[in-house]
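These are my notebook entries on one structure, written down in the order in which I looked things up.

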Amino acid sequence: MARVKNRKQDVIVVGTGPAGATAALEMVRKGRKVLMIETGRDDPVGRGLFHTFHNLYDKHLIFSRSKEGILIDRALTLGGSSAVFSGNAFRPTASFQSDIGMDLEDMVEETIEELNLAPFPDTFMEGWNGTRQIVEAASALNIDLKPQLKFIDPTRCNPKCDSCMSGCAINARWTARDYVRKAMAWPGGADLVMETTVEQVFSDDSGKAVGVIVKGKGTPDKLFADTVILAAGGMSTPVILQKSGVDAAGKAFFMDPMDVAVGFTQEPGPWRAMTFTHACEDFVESDKFLIGNVKGSGAWLSQLLRGKTFFNNVLRFKSKGLYALGMFTKVADETQGRIYANGKISKSMTAEDEKHMARGDELCREILLKAGCIPHTISVSRLIGGHPGGTAAMGGVVDDNLEVKGLPHCYVCDTSVFPRSPGVPPVLTLIAMVKKWARTLYEYP
Ligand SMILES: Cc1cc2nc3c(=O)[nH]c(=O)nc-3n(C[C@H](O)[C@H](O)[C@H](O)COP(=O)(O)OP(=O)(O)OC[C@H]3O[C@@H](n4cnc5c(N)ncnc54)[C@H](O)[C@@H]3O)c2cc1C
């Protein structure tokens, strides 16, 4: 970790998630002197569920929660939520690229090649009876659950592990920490301060951003730079912006709510599986939902997060002769939500969101039944989201160059700038977008 003196940087990057880490790496490659500022720590990953929830996730075991009751998970640690993500890589849809006015295909292909993104090999399926059963049941219903590209090196991954969301202990999965380390290792490259929270961007008399005000141990209160890049994620960037006088930030918000279904079968197992290896994207454009597989025990655990599904399920997992199968529906929700300057969240489901979710949940139920689940054992745990964004959208809060309107020299490059949910998990889209933007960015002299 760098000792920060009161000196001026070329670029300050706030946040080290996929967006911030990519921006920092691109900027050092352009020869800029970069300082990355991260509120979290370099916590060890892969130390088990309790350690991860306690140390890496926001809100320490309780999740962030909108005042209407929707749970939202994110990690506040070096690498942001990529330290705990499932490692799924989805190509951005053509309509999303059109909506953001960027053709990302070249950067998507570059990233796939650079990080060797690929689906797991078929040999992994040998131990995954549960997944095979679900894929075959879906196929019998004409639903194509396809193997997904993964940010995971299959030669290192243990197919029996399925602990991606508590951090990969064997480092088989890419995280933004890899880009952070590359940016720091670059000759004359980036510095990093952790456990330092950016409160607001400040400007000079002409109104242009000249630095950030921070709270952190051993750091001056003000850090100066020619350019400030905000990448604190869809829930923190709007807070920083509002505190910096950008009132338009935080007035729209999506987070891709997800329902998780579990069902139990009496067919002999083992029902081993890994979560989210397969998904059907056929409904993303038409009905705004994505469905995929969840490891049975994970789907069962999700039921315990909600009172309604807790009691029916708490004793079931250990019941003799019952085996769990799981699926999810993830909806591209409308941007009807809000992040306030104090960090509080308002988010509810619109009638359209509920309609799309119900359609996806019904398909999951049909697949679980076809896979042999006993009808009365199927239950659905509702509404956890993990893809916050839309809170500093292009066209509204930032311009086409991702510069904050009314705050020159300050840019936003995280999921906040997405004008709507991309409909699929966003990390590949985000990396491609930041690369494209950073390489064509006009910078002030
Ligand atoms: C459990 C889970 C599973 C997921 N699985 C997938 C998946 O399989 N595929 C996929 O594409 N996406 C997945 N996602 C979503 C994906 O991880 C996020 O969309 C992505 O990380 C967003 O990147 P970001 O850089 O915009 O923000 P973040 O990853 O949120 O990074 C923001 C960073 O800023 C830091 N920060 C916040 N506030 C401040 C502040 N005031 N000062 C300084 N630093 C600050 C945070 O600590 C963090 O490091 C998953 C998310 C979760 C939670």
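How many bridges join strand E14 to E15, and do the two run parallel or antiparallel? I found that 6 bridges join E14 (residues 289–294) to E15 and that these strands run antiparallel, with Gly292 standing opposite Phe328 in E15. Helices (H or I, at least four residues) and strands (E, at least two) are DSSP runs, numbered from the N terminus, and two strands are taken to pair if DSSP finds at least two bridges between them.

Before going on I noted what kind of model this is. It is a predicted model, in which local features need pLDDT of at least 70 and side-chain atom pairs count only at pLDDT 80 or more, while totals for chains, interfaces and linings use all residues. Residues are numbered from 1 along each chain as its sequence is written.

**Entry: the sheet around E15**

I traced the open sheet of 8 strands and wrote down its order as E3-E4-E18-E12-E15-E14-E13-E6, with mixed pairing. At its edges are strand E3 (64–65) and strand E6 (146–147), each of which pairs on one side only. Strand E12 (residues 257–265) pairs with E15 in the antiparallel sense over 8 bridges, and there I saw Gly263 opposite Leu325 in E15. E12 also pairs with strand E18 (residues 379–385), again in the antiparallel sense, over 5 bridges, and Val262 has Ser379 of E18 as its bridge partner.

I then looked at what packs on this sheet. Helix H9 (residues 296–303) touches E12, E14, E15 and E18, and its direction makes about 70° with that of E15. Helix H5 (residues 129–140) lies across strand E13 (278–280), E14 and E15, running at about 55° to E15. For these angles, axes are lines fitted to C-alpha atoms, for helices over the stretch in contact, and angles run from 0 to 180 degrees between N-to-C directions.

Is E15 itself mostly covered or uncovered? Strand E15 (residues 323–331) is mostly covered, since 9 of its 9 residues are buried, where buried means 20 or more other C-beta atoms within 10 Å of the residue's own, with C-beta atoms placed from the backbone. In a regular strand the side chains alternate between the two faces of the sheet. On one side of E15 I listed Tyr323, Leu325, Met327, Thr329 and Val331, and on the other Ala324, Gly326, Phe328 and Lys330, and both faces are covered.

**Entry: Pro257**

Pro257 lies in strand E12. Why does Pro257 count as buried? Pro257 counts as buried because it has 28 C-beta neighbours inside 10 Å. Pro257 and Ile384 are 127 residues apart in sequence, yet 5.3 Å apart in space, C-alpha to C-alpha. Leaving out residues up to four places away in sequence, Pro257 touches several residues, including Ile70, Val331, Met349 and Leu383; a contact here means C-beta atoms, placed from the backbone, within 7 Å.

**Entry: strand E11 and its partners**

I moved on to strand E11 (residues 222–230), which is joined to strand E1 (residues 8–14) by 6 bridges in a parallel arrangement, with Val14 opposite Leu230. Strand E19 (residues 410–412) also runs parallel to E11, over 3 bridges, and Val228 stands opposite Cys410 there. Strand E10 (residues 209–216), by contrast, pairs with E11 in the antiparallel sense over 3 bridges. The hairpin of E10 and E11 has 5 residues between the strands, among them Gly218, which takes a positive phi near 70°.

**Entry: core and domains**

The largest nonpolar core has 135 residues, of which Ile12, Val14, Ala24, Ile229 and Cys413 touch the most other members; such a core is a set of buried Ala, Val, Leu, Ile, Met, Phe, Trp, Tyr and Cys residues joined through C-beta atoms within 7 Å. Helix H12 (residues 427–440) gives the most to this core, with 9 residues.

The protein is divided into domain 1 (8–42 + 77–115 + 174–248 + 389–440) and domain 2 (257–385), with bounds that come from an automatic or database domain assignment. Their centres, taken over C-alpha atoms, are separated by 31 Å, and 15 residues of domain 1 are in contact with 13 residues of domain 2. Helix H7 (residues 237–243) gives the most to the side of domain 1 that touches domain 2, with 4 residues.

Technical notes. A residue is buried if 20 or more other C-beta atoms lie within 10 Å of its own, exposed if 12 or fewer, and partly exposed in between; C-beta atoms are placed from the backbone. Two residues are in contact if their C-beta atoms, placed from the backbone, lie within 7 Å.
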